[in-house]
Amino acid sequence: MVIKTKPLEPLPVISEDTVLNEAMECPTDRDLDTRPLAEESSFAFWQKDIPEEYWRLDGSQIIARIAAARKRLGRRCVVLGHHYQREDIIQFADFRGDSFKLAQWAAERPEAEFIVFCGVHFMAEAADILSQPHQKTVLPNMSAGCSMADMADPEDVYACWDELTEAGITDVIPITYMNSAASLKAFCGRNGGIVCTSSNAPNVMDWAFQRGKRVLFFPDQHLGRNTGLKRGIALDQMALWDYTLPFGSLGGNAPEQLERARVILWKGHCSVHNRFSVQQIEKARRDHPGITVIVHPECQMEVVQAADADGSTSFIADAITEAPAGAQFAVGTEINLVSRLARENPDKLVYCLDPVVCPCSTMYRIHPAYLCWAIEELAEGRIVNQVELDEDTRRDARIALERMLAVK
Ligand code: 13P
Ligand code: SF4
């Protein structure tokens, strides 16, 4: 991975009484036992090209240095945090949200010159696409990707599209889940398609069916299947496209199967959400009669069907936060969010359906030392880890993302 370092415009002098941004009021005095990066990033796939001094910083040193750098940057810099970020990162976030809300934020706030995105790569790409040209998006650790997004290699999707066309399966609207490469969002923009997130997938599917007979939904088969069911599409009108099969195999489908299909599902999944099971839900109901089971729609169909409710990370957070004292929730989503909701709602029972902790390992790669490095570089007038797309991708992906924001 090539990390770009660019000189920036000189910083304006910020006086002591300059109104600082919201992050300055965040509880950044909490040293949450952050282990130095050198101890945590023993894995080969974490970004290595970060200056030596950051490897050994402890939690309290990092907190002090981030606070000082942010004071210098003031309102020029904003930190966005996805709900799955670890606690010692989320404490620095000016705004936290699900992927829809964070994309919406980037589209609507041109005043922030630097958007430091604490999330994963596809989210930072969406922020770069939707923000204004003068804004720059930074991902503190470039190795924070998404294994589900990686299951849709753009070349495989283009090949699928060509195979469908050659087989006479036409009138197809492509829908890509937000968790995908920017080039696939651009592909959707060029081909009459759209992006969806877990918060608006049913409305996006309605949008697509107003324009075509069927949809090609990638990369998450589970979100696609769960959404199709919500829109009254029967399982026998859905086909599963196995992208690992060679060109010409029609993704493992007979031509008549595809002809009948209204939803063609890419065979991708999230390994975090695949861990949740109906047995866990049954156990939760046995242990706590009357408990509400709430899951993310990336879970398998049987799990979503057995749950009381499903929705995006913000939907889950709002449902629990707004519930009355004494409410009980068994939750099927990433552990950092569930643990935070449990901590922030001490008057309710909130726990994770999966007894084995299931963090998203790529979200976890945003270690505070990376954030410190990225922000200190900005304060010094340099930019590292900028997420920046070429003009053609940006233009076409923006079409699909703006369609998504309009559908809500
Ligand atoms: P949300 O859009 O619900 O925040 O989900 C993003 C994600 O990656 C879930 O795994
Ligand atoms: Fe990707 Fe799953 Fe992590 Fe979400 S939880 S970012 S889908 S790997």
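Two residues are taken to be in contact if their C-beta atoms, placed from the backbone, lie within 7 Å. In this predicted model, I194 is, by that criterion and leaving aside its neighbours within four places in sequence, in contact with I175, C188, V204, W207, A208, A400, R403 and M404. The mean pLDDT of the protein chain is 91, and 91% of its residues reach 70 or more. Over residues 1-27, however, the pLDDT is below 50, although this stretch has 37 contacts in the model beyond near neighbours in sequence. Where pLDDT is low, the predicted coordinates should not be read in detail.

**Ligand surroundings**

- The shell of ligand 1 is made up of H83, D98, S99, F100, N179, T197, S198, C270, H296, E298, S312 and T313, and by class these comprise 2 nonpolar, 8 polar and 2 charged residues.
- Around ligand 2 lie V120, C146, S147, M148, N179, C270, V272, E298, E334, C360, T362 and M363, a shell that divides into 7 nonpolar, 3 polar and 2 charged residues.

**Nonpolar core**

- The largest nonpolar core has 127 residues, and those with the most contacts inside it are V116, F117, A127, I194, L371 and I375.
- Helix α16, which spans residues 368-379, contributes the largest share of this core, namely 9 residues.
- In soluble globular proteins, nonpolar side chains tend to be buried together.

**Buried helices**

- Helix α5 (residues 121-130) has 10 of its 10 residues buried, so it is largely enclosed by the rest of the structure.
- In helix α14 (residues 313-322), the buried positions are T313, S314, I316, A317 and I320.
- Seen down the axis of α14, these buried residues fall within an arc of 160°, so they line one face of the helix.
- The elements against which the buried residues of α14 pack are the strands β3 (95-97), β11 (292-295), β13 (328-332) and β14 (349-352), together with the helices α4 (99-108) and α15 (335-344).

**Backbone geometry**

- Most residues other than glycine have a negative phi, and most peptide bonds are trans.
- A cis peptide bond, with omega about -5°, joins F218 and P219, and P219 is placed in the loop between β8 (214-218) and α10 (221-230).
- L250, although it is not a glycine, has a positive phi of about 50°, and its place is in the loop between β9 (238-241) and α11 (255-260).
- L250 counts as buried because it has 20 C-beta neighbours inside 10 Å, and the cut-off for a buried residue is 20 or more.
- K408, another residue other than glycine, has a positive phi near 65° and lies in the segment after α17 (391-407).
- K408 counts as exposed because it has 10 C-beta neighbours inside 10 Å, where the cut-off for an exposed residue is 12 or fewer.

**An exposed helix position**

- T165 is found in helix α7 (residues 154-166) and is exposed, with 11 other C-beta atoms within 10 Å.
- From C-alpha to C-alpha, T165 and N141 are 39 Å apart in space, while their separation in sequence is 24 residues.

Definitions and conventions
Residues numbered from 1 in each chain as written. Chains lettered and ligands numbered in written order. Predicted model: local features only at pLDDT ≥ 70, side-chain atom pairs only at ≥ 80, totals over all residues. Near = placed C-beta within 6 Å. Nonpolar A, V, L, I, M, F, W, Y, C, P; charged D, E, K, R; others polar. Core = buried A, V, L, I, M, F, W, Y, C linked by C-beta atoms within 7 Å. Helix = DSSP H or I, 4+ residues; strand = E, 2+ residues; numbered from the N terminus. Arc of directions from axis to C-beta. pLDDT = per-residue confidence, 0-100.
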